[in-house]
Amino acid sequence: MSVIEEGAKKSGVLWLSLDRPRLAWHTWHDGAIYVVTGGGEQSLPGLAEAGRVQVTLRSKDNGARLVAFDASVEVVDQAEAADAVAALAKDRLNAADGAGLTARWAAESQVVRLTPR
């Protein structure tokens, strides 16, 4: 298991270098990191349009920087990436509309895959 995979699996949050460093919750699934943005979810301005982004993972134990790396950015078709969307929904804490969460995402949000380069 790589440091990136281990760090992403152990911590539910990461930092993305966008207009400023942005904290984001995420899910590790099938070799990539998935995040959801927009539609009442976390605001990650410019991520969906970016070709790449720098990701920083921190240690869950002490908060120290574990690893920083560049990742390719791809907005996914939520119907085609149903397993990844289900994993994201499972990891979404405190969702007000748990039963309708994925339907709301399909209508209002973007799911983005971050693939380590």
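Two strands are taken to pair if DSSP finds at least two bridges between them, and strands (E, at least two residues) and helices (H or I, at least four) are DSSP runs numbered from the N terminus. In this predicted model, local features need pLDDT of at least 70 and side-chain atom pairs count only at pLDDT 80 or more, whereas totals for chains, interfaces and linings use all residues. Residues are numbered from 1 along each chain as its sequence is written, and side-chain values use heavy atoms, with hydrogens and water left out.

Seven strands form an open antiparallel sheet in the order β2-β1-β5-β6-β7-β4-β3, with β2 (21–25) and β3 as the edge strands, each pairing on one side only. Within this sheet, β1 (residues 13–17) and β5 (residues 52–58) pair in the antiparallel sense over two bridges, and L16 stands opposite V55 in β5.

Helix α1 (residues 3–10) lies across β3, β4, β5, β6 (65–75) and β7 (110–116), running at about 90° to β6, where angles run from 0 to 180 degrees between N-to-C directions and axes are lines fitted to C-alpha atoms, for helices over the stretch in contact.

Helix α2 (residues 82–91) packs against helix α3 (residues 101–108) at an angle of about 120°, with their axes 10 Å apart. Here V85, L88 and A89 in α2 meet L101, T102 and W105 in α3, contact meaning heavy atoms within 4.5 Å.

In the loop between β3 (27–29) and β4 (32–37) is D30, whose phi is near 50°, a positive value in a residue other than glycine. Most residues other than glycine have a negative phi.
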